[in-house]
Amino acid sequence: MSFLEEYRAASAGAATPEEAARHQLGLLQKWVVEDPEGMFADLRAHQPIFKTPGPVVVTRYRDVIEVVDLEETFSVAPYGVAMMRNNGGPNFILGMDNGPEFEHDLSILHLAVKREDLERIRGIVATRTKELIDAAMPAGRLDITDGFSRLIPTLLCGDYFGVPGPDPVTLMNWVRVMFTDIFLNFAQDPHVSERGMAAGVQFRAHVDALIAGIKKDRENGAAETDDVIGRLITMQRAPKASFTDSRLRDNLIGCVTGVLENTNTAIVNILDWLLDHPDVMAGAVEAARKNDTATLRKYVLETLRFHTPAPLMVRLSVREHTLAKGTDRATTIPAHSVVFAANGSAMMDETELDNPKEFRLDRPPHHYLHWGWGIHQCLGKYISEVQVTEIVKGLLALPNLRRAPGDAGKLTYAGPFPKSFVLEFGATQTATA
């Protein structure tokens, strides 16, 4: 059944309106995780602004942009509530509406996380990618999920941000449970929130110790480090244009929490899609082997359009608003409504994009909404593009890259997160007599 057919059936079979609402919300969450493309296509065709007992799901490009551009009407408060819960009180720019605190924190972060660092980041990622691929060379086989596409951005957090975990696995675990609560806890499950808060306590203590250790080392004559944590500490010489230690910690945790999971999902989604489309993959492989990063970046962005890692942006209406006013889909959004602005759907909207089901490298930049839109577009957008492109380049440059035989070569998920995806490379093994 289509999403809407299943949704209506859930309502018809319920004993009470409350039971129907629970079933419908559960169904919405299930489709967001398991088949967002199918759900979005159904909604764009039949109910592009879809009211549920919980969120309003917005699926057309123009309407999604309207929601995220009208920052005074559609607040990022849902992220802020979860960020503050995991941060033990303070917020992060992702969860702040436009205002003095948002502008202050964002401007400081832009001074520490610099666009001119991108080639340095590319070099770090290329080195880490090569190390892991070299280690897999003797086997000619590599699971590109946790030990590769998730591990490389974790190592970058130490190399560039200056925030290694006690060990990579611990850092990955902290980030995953916090990420789940902040971005994926649609039903506000208290158990999910409790795990996020517990991880936040440990993460904060770890970063507090890093900050204190760096300051003590400097007092003892150590040189200033040119990583993000080191820059932010140096900037404290100008108190009005810097963070206190606790705000420095909170912002670093916010940055790191956004780096790992979407990078991991993006990489596995790209390889999965390309392997299913060998005609497109041939061009991407050629770009990778020629080290043509600019062309490969276009392949990355266009491939992700078919399966973006973060297909929803969440907002809260602070006042009543008529969305898509003047069109036949005009819909009044009541105040205090949670809104899912579906960027994953917007990038496939046939009323905005020419032939959205066709793979093309000449689409304009504003048709790519992988990292959000407007003032809350991801701070790490350019870092993410560099990371994903460089890691994909390392894989595509391998000879005879292919899926492993059987189930191992199928991309599997544990909930919303990639679980296993084994690729092989090099000569194809043949059975011996």
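Reader: Let's start with N291: is it buried, partly exposed or exposed?
Author: Keep in mind that this is a predicted model. N291 sits in the loop between α14 (278-289) and α15 (293-305). Buried means under 20% relative accessible area and exposed means over 50%. N291 comes out at 48%, so it counts as partly exposed.

Reader: And what is the phi of N291?
Author: N291 is not a glycine. Even so, its phi is positive, at about 55°.

Reader: A324 has a positive phi too, so where does A324 lie, and is it buried or exposed?
Author: A324 isn't a glycine either, and its phi is about 60°. You'll find A324 in the loop between β6 (321-323) and β7 (331-333). Its relative accessible area is 4%, and the cut-off for buried is under 20%. That makes A324 buried.

Reader: Which residues does H307 touch, leaving aside its neighbours within four places in sequence?
Author: H307 belongs to the loop between α15 and β5. With 26% relative accessibility, H307 counts as partly exposed. Once those sequence neighbours are set aside, its contacts are E37, N269 and Y413.

Reader: How far apart in space are H307 and A187?
Author: Along the sequence, 120 residues separate H307 and A187. Going from C-alpha to C-alpha, the distance is 23 Å.

Reader: What about A21 and A10, how far apart are their C-alpha atoms?
Author: A21 is part of helix α2, and at 18% relative accessibility it counts as buried. A10 is eleven residues away from A21 along the chain. Their C-alpha atoms are separated by 8.7 Å.

Reader: Which residues does D105 touch, not counting those up to four places away in sequence?
Author: D105 is in helix α6, which covers residues 100-112. Its relative accessibility is 3%, so D105 counts as buried. Beyond four places in sequence, it touches I93, M96, F243, R247 and N251.

Reader: Now a whole helix: what do the buried residues of α5 pack against?
Author: First, the buried residues of α5 are Y79, G80, A82, M83, R85, N86 and N87. As a rule, an α-helix has 3.6 residues a turn, so residues three or four places apart point the same way. The buried residues of α5 pack against α10, α11 (190-219), α13 (245-276) and β5 (313-317).

Reader: How much space lies in the second largest pocket?
Author: The pocket is lined by 20 residues, and N185, F186, A187, Q188 and F340 lie nearest its centre. Elements giving two or more residues to this lining are α2 (17-34), α5 (77-87), α10 (168-184) and β8 (338-341). The space in this pocket is about 390 Å³.

Reader: How many residues of that lining are nonpolar, polar and charged?
Author: Sort the lining of the second largest pocket by residue type. You get 14 nonpolar, five polar and one charged.

Reader: How many cavities of 30 Å³ or more are there, and how much space lies in the largest cavity?
Author: Rolling a probe the size of a water molecule over the atoms shows where empty space is left. Searching the whole structure turns up one cavity of 30 Å³ or more. The largest cavity holds about 50 Å³.

Reader: Which elements each supply at least two residues of the lining of the largest cavity?
Author: The lining includes V67, V68, F74 and S75, and R315 and W373 are also among its residues. By type, the lining divides into six nonpolar, two polar and three charged. The elements that each supply at least two residues are α4 (61-69) and β3 (74-75).

Reader: Stepping back, what is the radius of gyration of the chain?
Author: The chain has 17 helices and twelve strands. For 433 residues the globule rule gives 22 Å, and the chain is close to that, so it is as compact as a globular protein of that length. Its radius of gyration is 22 Å.

Reader: Last one: what percentage of the residues in the chain are buried?
Author: The accessible surface comes to about 18900 Å², with 55% of it belonging to carbon and sulfur atoms. Of the 433 residues, the buried share is 54%.

Key:
Residues numbered from 1 in each chain as written. Predicted model: local features only at pLDDT ≥ 70, side-chain atom pairs only at ≥ 80, totals over all residues. Heavy atoms only, no water. 1 Å grid on protein atoms, 1.4 Å probe; cavity = no way out; pocket = protein on both sides within 12 Å on 5 of 7 lines; lining within 4 Å. Points joined across faces, edges and corners; volume = space filled by probe spheres on them. Helix = DSSP H or I, 4+ residues; strand = E, 2+ residues; numbered from the N terminus. Nonpolar A, V, L, I, M, F, W, Y, C, P; charged D, E, K, R; others polar. Buried < 20%, exposed > 50% of the residue type's maximum accessible area, 1.4 Å probe, protein only. Contact = heavy atoms within 4.5 Å. Rg over C-alpha atoms; globule rule 2.2 N^0.38 Å. Areas by Shrake-Rupley, 256 points an atom, 1.4 Å probe, with all protein chains shown as cover.
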